[in-house]
Amino acid sequence: MKGHVINYRPEIDGLRAVAVLLVIIVHAFPDSLKNGFIGVDIFFVISGFLITGIIGTQLQASSFSVVDFYIRRANRIFPALVLVLAACLAFGWVSLFASEYQRLGRSAFSGAAFGANINAFLEGGYWDIDAKLKPLLHLWSLGVEEQFYLVWPLLLWAVWWRRGLLVASLATVFLASLCWNLWSVDSNQPAAFYLPLARVWELAAGGLLAIADQHRPMLAARIGSLLRNGSAILGIALIAAALLIPIPPEQFPGKYAILPVFGTVLIIAAGTRAWPNAILSNRWITYVGLISFPLYMWHFPVLAYSRILENGEVSPEYLWGGIALTFLLSAGTYHLVERPIRNHSRWRGRIAFSLTGLLIAVGTVGYFIYVQDGLESRYAGVLSESSDLPINPITSDSKLVVLGDSNAGHLAPGLSAIYGKQLRMAASPGWPFLIGTVYRPTVTLASSWNGTPEMTKDALEEIINDPTVDVVVISNQYMMYYYRDLLAEQSDPMSGTGAEAYEAGLRRTVQYLSEHGKKVVVFKSIPTRGEVGSIFACASRALPIPRRRPMACDRPLSEIAETRSDYDRVVEESVKGLNNAWIFDPLPVLCSDQVCPIEKQGILLYQDMSHLSADGSTLIGAELSKLVQRIRTGHLVGSRAP
């Protein structure tokens with residue numbers, strides 16, 4: 001071996017082919033090969049072996065250059081990475097909703113910044129339900145390798161010429177990382193899976209094998225064929241065992257990763273002349289190995305977008321079409337991009353500089369998408385375009401007050417068009433304006449939740465002291481308070497439940513306003529639609545590329561009514577026995593006889609899972625104003641729902 005290269009070993013490309021095919025199979029057919037994710041562990045060992053071998057060869061020839069090393073890494077990794085990031089962002093523009101696109105932007109930025117594994121760790125586990133819908137999740141392994149490349153060459157350079165120190169240093173890294181992996185998988189499995197401290201032992205295992213090969217050249221050729229073949233067969237058996245045994249997801253990598261790692265080490269150690277490795281050296285298999293990096297880079301985004309367009313699932317047509325597209329894109333990337341770059345070795349420095357600039361540009365675009373909340377303006381017309389809904393302004397000397405949290409606030413667009421300056425809003429996010437209630441001391445509050453009993457007191461005093469205010473609408477998101485221990489009684493904040501505090505506070509507030517001569521309407525909460533990943537998935541005119549409409553867009557009315565039965569009782573009790581208190585139920589407006597849709601007659605009723613759109617507010621405002629008018633004219637007497 002001389003220069004900057006090591007002898008080509010076709011069986012390693014064959015091993016790469018096995019690794020990438022395992023990963024593709026587990027992502028495309030997760031039920032058929034549940035443990036196919038060990039292909040990444042095989043990749044780690046191969047990478048450690050090859051990188052250490054290349055650096056060792058250069059050090060031995062006194063030709064190693066840190067700058068040249070990173071130039072070569074950039075020319076190897078950046079072409080496919082830039083293409084995949086750019087393609088994902090471009091396709092996401094026409095196929096993803098704001099929250100999805102924002103997350104993609106963050107993933108693209110972290111991928112360009114060599115921190116995809118850290119971002120994946122912060123977002124959640126590899127086996128999360130929505131993991132298969134994250135187009136760039138697979139870049140986590142590239143992040144681990146990139147972080148390995150930042151340290152490993154410098155370590156080898158520092159200790160190379162002292163063989164004892166070299167072996168001791170690499171062995172220490174290997175053992176320390178392995179022990180950390182075994183310990184941390186029980187205490188923090190996502191950290192063990194994604195972060196480099198618990199993964200570097202896998203790359204170091206390949207590195208140690210490369211060191212052995214450097215200092216004992218042609219070791220595999222010197223041993224007998226029986227030992228060579230036995231080593232390869234045992235390695236295959238260990239990988240096969242890792243594929244077949246049940247591996248609890250919450251226990252990987254841990255001890256289970258030892259099987260594919262040592263299996264790969266044994267296969268590589270067996271050398272080219274072992275007959276099992278001769279199978280891996282088949283030209284068709286090695287071709288797949290040659291395009292394994294673009295295959296790995298393209299397969300997950302293609303499959304993820306297929307599932308996204310199909311509403312989480314994927315039809316056989318999309319699945320097989322996606323696999324075919326993956327191989328086509330990968331072959332094109334290899335032949336049209338990667339090989340031409342490698343063939344222009346004289347210009348590799350300039351090429352690396354250009355690729356780095358492109359990667360920074362793509363990462364910057366991703367960051368911009370992230371900080372701009374997914375650029376919702378791409379389809380803002382779905383909410384902002386007027387639906388020409390009829391509005392009948394009301395002229396009155398009396399004022400209408402809407403009191404409550406953000407579910408009071410979302411009534412403003414519809415009611416302000418009707419009442420104009422005669423509408424007063426007393427709304428604050430996360431604060432229901434109920435007498436005698438406080439936030440429970442043990443609850444962590446959102447930054448926008450700043451309600452206090454004093455705020456409630458001031459708002460109610462202003463209402464009762466204003467003789468022009470005749471009707472008060474109380475509107476809150478009951479899920480916030482009735483099913484969470486967010487609220488407590490002000491007199492004893494540590495006792496009781498949030499539901500009890502909400503019920504008592506609502507009754508007190510309605511009674512207080514009623515006793516002071518105000519007519520009170522308790523506006524029942526709208527149904528929350530958290531079962532839909534994005535409200536815009538239910539819109540018929542949201543994105544240029546249509547997606548399958550989720551079934552949850554039309555939720556059965558009976559199901560919603562059942563979940564609200566306890567809350568309905570609370571609302572009924574709040575007005576019971578009061579002659580000037582009424583209930584407004586939005587369900588007849590938002591729902592049909594059987595279902596509660598998110599889009600109704602081409603109108604998107606919601607802006608997010610728990611708030612009405614402007615059009616939804618207009619529809620509700622029209623019906624609510626009819627009730628208010630009937631109350632004002634005396635056509636409704638007693639505590640009855642309309």
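First, the ground rules. Residues are numbered from 1 along each chain as its sequence is written, and side-chain values use heavy atoms, with hydrogens and water left out. Because the model is predicted, local features need pLDDT of at least 70 and side-chain atom pairs count only at pLDDT 80 or more, while totals for chains, interfaces and linings use all residues.

Now the overall layout. The secondary structure comes to 27 helices and 13 strands; helices (H or I, at least four residues) and strands (E, at least two) are DSSP runs, numbered from the N terminus. Along the principal axes, the C-alpha atoms fill a box of roughly 105 × 50 × 40 Å. Of the 642 residues, 53% are buried, where buried means under 20% relative accessible area with a 1.4 Å probe, protein chains only. Among contacts (heavy atoms within 4.5 Å) with a separation of 6 or more, 78% are between residues 24 or more positions apart.

Next, the sheet. Strands of a sheet pair through backbone hydrogen bonds, either parallel or antiparallel. Here, five strands form an open sheet in the order β2-β1-β4-β6-β8, with parallel pairing; two strands pair if DSSP finds at least two bridges between them. The edge strands, β2 (423-427) and β8, each pair on one side only. From one strand to the next the twist averages 20 degrees. For angles, axes are lines fitted to C-alpha atoms, for helices over the stretch in contact, and the values run from 0 to 180 degrees between N-to-C directions.

Strand β1 (residues 399-404) is joined to β4 (residues 469-475) by six bridges, and V402 stands opposite V473 in β4. Helix α20 (residues 412-419) packs on the sheet and touches β1 and β2, its direction making about 160 degrees with that of β2.

Which way do the residues of β8 (residues 581-584) point? A581 and I583 point one way, W582 and F584 the other, and all are buried. Helix α25 (residues 565-575) lies across β6 and β8 at about 155 degrees to β8.

On to helix packing. Two packed helices are described by the angle between their axes and the distance between the axes. Helices α11 (residues 225-244) and α12 (residues 258-270) have axes that come within 7 Å and cross at roughly 155 degrees. They are therefore roughly antiparallel, the term for angles over 145 degrees. Their contact includes L234, I236 and L238 of α11 and F262, L266 and I267 of α12.

The axes of α5 (residues 116-123) and α6 (residues 140-159) are 6 Å apart, at an angle of about 130 degrees. That makes α5 oblique to α6. The contact is made by A116, N117, I118 and A120 of α5 with W140, G143, V144 and Q147 of α6.

Last, L590, in helix α26 (residues 587-590). L590 is buried, with a relative accessible area of 2%. Beyond its neighbours within four places in sequence, L590 contacts I526, P527, C596, P597, K600, L605, Y606, L612 and I620.

Definitions and conventions
Angles under 35 degrees count as roughly parallel, over 145 as roughly antiparallel, 65 to 115 as roughly perpendicular and the rest as oblique. Buried means under 20% relative accessible area, exposed over 50%, partly exposed in between (1.4 Å probe, protein chains only).
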